[in-house]
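Dear colleague,

Here is the structure I said I would pass on. My notes on it follow below.

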Amino acid sequence: MPERILVCVAWPYANYLLHVGQAAGAYLPSDIFARYQRLKGNDVLMVSGSDCHGTPITVAADKEGVEPQVIVDRYHAKILEVWERFGISYDLYTTTLTENHYQVTQDVFLKLKENGLLYPRTEEYLYDPQADRFLPDRYVEGTCPNCAYPEARGDQCDNCGKTLDAVELINPRSKISGATPVLKPSEHYFLRLTAMEERLKEWAGKQSHWRRNVLNFTLGMLNEGLKDRAITRDIAWGVPVPVDGYENKRIYVWFDAVIGYLSASKEWAARKGDPEAWRPYWEDPSVRSYYFIGKDNIPFHTVIWPMMLMGYEGLNVPYDVPANQYVNFSATQKQSKSKGTGNWMLDLLESYAPDVVRFYLTTVLPETNDTEFREEDLVRANNDVLIATWGNLANRVISMIHRNFGGIVPPVGALSPESEAILNDARAAFGAVGGEFGACHFRGGLQEALRLAQSANKYLDERAPWKAVKTDTPHAAETLATALNVINALKVLLHPVLPFSTAQLHEDLGLGGDLRQHGWEYQAVPGGTTLAPARPLYAKIETELAGASA
């Protein structure tokens, strides 16, 4: 029976251009996973959106002297362009500015308050005496009290990953004026994380299928002990607090952003004309929900969001949080939107075909450790692997069928042992590749598929149908028909990574219909099928980088 799978993808702030570190960290992995699950016939809901309430947006707006909405409108459009050009297959990509999101966020707030998990408390917060305003966490930088990193933000240290309160920073400074902030009292609502600490420990301790770094970080945070955390701020941009006396305050972004997964699911249901369609994905305990994020967001998705879901009651907690490490763009510096370092996705997609970018990034996905993006390696991956191992295989087999059999797949009878062996390898590859993709091991899944392509090349070279056709036509026919069936299998196996080129190949194979409806299974190309003329799936990249990669 088909399974329901909920795929939740990190919400990027709408104040910057997306870089390859983000694409490799969350967006490409989630798309590979969703496409694989759909091919299996599972019922997938994949949601995300632009986070429009983050203080990075108001920081950018302040710098330009414009309203935050101006920043949001500019960058949300650019983000949508990346998704379309890069092939990210959301069921819904929305924003946190919708009326629906405001309502869902306020509903969660009031339900947690009703259940005793939100309470007001007056504390001292950093205040800029020169700008005459309170400083939200992202408006403050200083030295991390945990690892001494000198550029820690007021909400989290990018170096050690520890979540922070701005008042904990050593030598804090205002990002508005550069002044040293002072402490000033203000009342805010706090999330009673301490009330759920033991329940979270018990739950997290059972998640043996999580990646080791995710589980270790989560258990370390829980064993260290949780602190209640303020979820409102003295700001004018964000979801209004549904409590009298809080008219000049807003719900803080880290609280409302994670609720976006739920609000987006509800918006998707409403848009399809079935307002209750979201419920099975969130209320049926058999449904598995996956959260694709970068490692800097682990605490929000394995501690804070699960606590909120438990506290709300009746909603599923995450099944898996396959957080990735960082992609560096040099030997020492990670890609960072806040620091303006890295390779921007739109620039990359101007230079290279989307499947080429997807292929290379899949080979360097930072699943277990930090990796590095090198443009010369992208060129080499295209020329020496994608084309040499896969693209040329498909092209030359289709070309030989056109040249020797009029473009019609030759029927064959009994198969030789070596033909049976390669077809058995193709059938087995669906289990091997699917096992890797299903476990969120996308590099491993791609490697398994390429292993089959390498075997097919070896099979073709050993049987040499270009020679056999001159003296043994049945031998050549068997070889080419068999190789084409392996190519048809590879088309499906590689589709989650290479959706554009595999869709082209599906069309060229003359099978009709939509590849996405093919199913995750081996299927032969019937004898007598007319093939379209061979079209190269990829183009060799001739640049100075190609020479540098040699």
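In this predicted model, helix H2 meets helix H3 through Ile57, Thr58, Ala60, Ala61 and Glu64 on the H2 side and Pro68, Ile71, Val72 and Arg74 on the H3 side. By type, the residues of this contact are 6 nonpolar, 1 polar and 2 charged. H2 covers residues 55-64 and H3 residues 68-86; their axes are 8 Å apart and the packing angle is about 110°. Angles of 65 to 115 degrees count as roughly perpendicular, so H2 is roughly perpendicular to H3.

Next, Thr96. This residue is in the loop between strand E3 (92-95) and helix H4 (99-114). Thr96 has a relative accessible area of 0%, and is therefore buried. A polar atom of the Thr96 side chain lies 2.9 Å from the backbone nitrogen of Cys52. Beyond its neighbours within four places in sequence, Thr96 is in contact with Trp11, Ser50, Asp51, Cys52, His53, His101, Tyr102 and Asp256.

Last, the nonpolar cores. The largest has 160 residues, and the members that touch the most others in it are Leu191, Phe255, Trp282, Met308 and Trp390. Helix H12 (residues 375-405) gives the most to this core, at 13 residues. Phe255, with residues up to four places away in sequence not counted, touches Val108, Phe109, Leu112, Leu191, Ile231 and Met308. There is also a second, separate core of 11 residues, with Leu126, Leu135, Cys144 and Ala152 among them.

Regards

Definitions and conventions: Residues are numbered from 1 along each chain as its sequence is written. This is a predicted model: local features need pLDDT of at least 70, side-chain atom pairs count only at pLDDT 80 or more; totals for chains, interfaces and linings use all residues. Side-chain values use heavy atoms; hydrogens and water are left out. Axes are lines fitted to C-alpha atoms, for helices over the stretch in contact, and angles run from 0 to 180 degrees between N-to-C directions. Helices (H or I, at least four residues) and strands (E, at least two) are DSSP runs, numbered from the N terminus. Angles under 35 degrees count as roughly parallel, over 145 as roughly antiparallel, 65 to 115 as roughly perpendicular and the rest as oblique. Contact means heavy atoms within 4.5 Å. Ala, Val, Leu, Ile, Met, Phe, Trp, Tyr, Cys and Pro count as nonpolar, Asp, Glu, Lys and Arg as charged, and the others, Gly among them, as polar. Buried means under 20% relative accessible area, exposed over 50%, partly exposed in between (1.4 Å probe, protein chains only). A polar contact is a pair of N or O atoms within 3.5 Å; within protein, one must be able to donate a hydrogen and the other to accept it, and residues adjacent in sequence count only if both atoms are side-chain atoms. A nonpolar core is a set of buried Ala, Val, Leu, Ile, Met, Phe, Trp, Tyr and Cys residues joined through side-chain atoms within 4.5 Å.
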